[in-house]
Protein chains: 2
Amino acid sequence: MLAIDPLDWTIVQSSLHTARMHRITLSPRVRMTPFHASVVKAGVSDITVYNKMVLPTSYGDLQAEYDRLINGVAMWDVSVERQVEISGPDAHACTQYLTARDLSSMVEGQGKYVAICDHAGRILNDPVLMKLSGNRYWLSIADNDMLLWCKAIAAERGFDVVVTEPDVSPLAIQGPKAEDLLAELFGQHIRKLKYFWFEETELDGIPLVLCRSGWSKQGGFELFLQDGSRGNDLWEAVSSAGEKYAIGPGAPNHVERVESGLLSFGGDNTPDSNPFEVGMGRYVDTDTDVEYIGKAALVDVVASGGPERLFVGVEVGAELTEAWPLPERTPIMVGAEQVGTLSAIVHSHRLDRTIGLAQIKRTVVEANATVVVQTPSGPAAATITTLPFI
Amino acid sequence: MLAIDPLDWTIVQSSLHTARMHRITLSPRVRMTPFHASVVKAGVSDITVYNKMVLPTSYGDLQAEYDRLINGVAMWDVSVERQVEISGPDAHACTQYLTARDLSSMVEGQGKYVAICDHAGRILNDPVLMKLSGNRYWLSIADNDMLLWCKAIAAERGFDVVVTEPDVSPLAIQGPKAEDLLAELFGQHIRKLKYFWFEETELDGIPLVLCRSGWSKQGGFELFLQDGSRGNDLWEAVSSAGEKYAIGPGAPNHVERVESGLLSFGGDNTPDSNPFEVGMGRYVDTDTDVEYIGKAALVDVVASGGPERLFVGVEVGAELTEAWPLPERTPIMVGAEQVGTLSAIVHSHRLDRTIGLAQIKRTVVEANATVVVQTPSGPAAATITTLPFI
């Protein structure tokens, strides 16, 4: 009945095998993080590679890691969120030209979630942009080498800027108790920081930028370590102060991020996606006088009535015991037609339901069609939902 | 006695632990290759990530994999060598502008090893450049996202080209028996192909580019699969025909590449290296009329008497049983002074000796100084040698 090419499913099953079974070979080509010794001591069991750097993904107890994030406080080595620093007299002009969002009103100490696009309006990255001063910006990037892109654009366009990757490595403190812990360490005033706003500060002489941010919807902050030689000192300081909150190690949480509908750039989207197709429409300014790369193409998308695909949730009518990431995007079908791709499928602990993330044709979403997705137990019917789930 | 910061070694030991023990988490952000099902069936045990794609690194028997490469024939899934295709009326002009080598005399069917540099002359990649026609080139890239770099340069400079990543995935056939096997499959004429030269061909209707190339010094070819849906068919066809040569699976071989002095771009070099500092001086044209990115800086390096560092071998006075990659570059010392970085250290089976790869200050190399390197058993004295070892 279900029109799924059997070959696809064979490959997914091989992939699931790979995803669970294989050791990773490290070499100097893949960078360690400043927290590496602490992470090993904390019992890291699984890792991946992100921006050519090690990203810890689990400490061996996914359920405990989820519970800590939802109910307590967790610390994550997310050094892989590398910064691209754009500094110099033309820093604002260069950053604006790179960014599909009007930055005119942005002030020092403020961050914004932005899309970086190519000249055809395809999204290349979804960083948090931080304005450190009028002539110094950071792009806190997802997995795609924005240093190359920004350097090339700046040099060829003649902007008077220096584009570098500074010695900055974020440590995320996430969960409902993160604010209490960090207020103890940095002062009560940090409770008033707005989302994506930040301040330069220090802890035991360790230079930091403290930002209300992080890749979860459970609340929290990121400590942007500015001295790689002090990574283990910072880990130890936060870890000790966090004992009374039962802090423990964790990592960007696959189940929580699906529940919260957070985009995994490069994983959830096909490479030809525009920002409207990854749920970033409200962060893209097309009705503005500022010029930026890809603007003409994005204006066309709006003028033509909207994007071809949307980033949505799917509720799946099948039980799922697997909590591990789907290793490849798999086809989503309506009858014999492929109408989208599934990029994540998990059992939601809080909803007690199987849910997933997908890019699906806008016409299919608007028709509220029932679709067929692939699960580790085989094809299953699913309904399309808005994001987030919770 | 030895002036090595003890902290460094602690980190290396944590890293060695990580390098051997950890599972990799895969997700759609890291791409599978067209050979994935075959690779799993062949028993892949270790993998890494390269150009945001899975690179198999071992099938569980490193000694057998080495022997097969040195004495027989092996097949490697090196799909991670992605192609950046530059096509259109300005393809030659754009490719030349990107490349630190005079391409005037290059003809169709020819490949060249080239350096791609940034505007300050720092190397960004060491691809094999292939000229498919006067208006179509491929860069067969190492681990750094040249698609972003080339797209940015082409768009901002107004070259009339299209820059894409085509559906092309190399399968390397390496070892002294590779030529006999491929002559059977493709015809005796392939024995006459010069190094890096190639032809478009097919096998059982599978479209390919066959090139005399590969990341070993044992001889061999790469089959650039041009239809990702046929990956497992190609693997099976080569595997079956290769039975009489006892072909088996393998991967870019860490011991052989150290013996042969082959550069692992991004692993062996610090990010601020110029091409002269990674052993690519003879492929860089500074005395030429053609213009390319970084030329002024590279002319300056030559005019100032040469680079600050050289890419060299080290012979280490210590036994080593470990065959696995060093997970981080470690300091090389002369007394209390750091004079370079070690990026690989292995026990050479053929030399029965401990050897490594390093970037070391030119003055130290020219003085033929004895240096101190870090091994998994602790610091050891080493002498500097030219490359290759064999």
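This is a predicted model: local features need pLDDT of at least 70, side-chain atom pairs count only at pLDDT 80 or more; totals for chains, interfaces and linings use all residues.
**View 1. The open sheet of chain B.** Strands of a sheet pair through backbone hydrogen bonds, in either the parallel or the antiparallel sense. The open sheet shown here has 5 strands in the order β6-β9-β10-β5-β11 (chain B), and its pairing is antiparallel. At the edges are β6 (111-113) and β11 (162-164) of chain B, each of which pairs on one side only. On average, and with direction ignored, neighbouring strands are turned by 20° against each other.

**View 2. Strand β5 of chain B, with β11 and helix α4.** Strand β5 (residues 83-87) of chain B runs antiparallel to β11(B), to which 3 bridges join it. B:Ile86 is found opposite B:Val163 in β11(B). Helix α4 (residues 91-98) of chain B lies across β5, β9 (128-133) and β10 (136-140) of chain B. The helix runs at about 135° to β5(B).

**View 3. The contact between chains A and B.** Here 51 residues of chain B are in contact with 51 residues of chain A. On the chain B side, the elements that give two or more residues are α1 (6-21), β1 (23-24), α2 (36-41), β2 (46-50) and α5 (146-157). With 8 residues, α5(B) gives the most. This side of chain B comprises 21 nonpolar, 18 polar and 12 charged residues. A strand pairing also links the chains: strand β1 (residues 23-24) of chain A and β2(B) pair in the parallel sense over 2 bridges. Within this pairing, A:Arg23 stands opposite B:Asp46 of β2(B).

**View 4. Domains 1 and 2 of chain A.** The domain assignment of chain A gives domain 1 (1-27 + 308-390) and domain 2 (31-81 + 168-256). Their C-alpha centres lie 30 Å apart. In the contact between them, 7 residues of domain 1 meet 6 residues of domain 2. The domain 1 side of this contact has 5 nonpolar, 2 polar and no charged residues.

Notes. Residues are numbered from 1 along each chain as its sequence is written. Chains are lettered from A and ligands numbered from 1 in the order in which they are written. Two residues are in contact if their C-beta atoms, placed from the backbone, lie within 7 Å. Helices (H or I, at least four residues) and strands (E, at least two) are DSSP runs, numbered from the N terminus. Ala, Val, Leu, Ile, Met, Phe, Trp, Tyr, Cys and Pro count as nonpolar, Asp, Glu, Lys and Arg as charged, and the others, Gly among them, as polar. Two strands pair if DSSP finds at least two bridges between them. Domain bounds come from an automatic or database domain assignment. Axes are lines fitted to C-alpha atoms, for helices over the stretch in contact, and angles run from 0 to 180 degrees between N-to-C directions.
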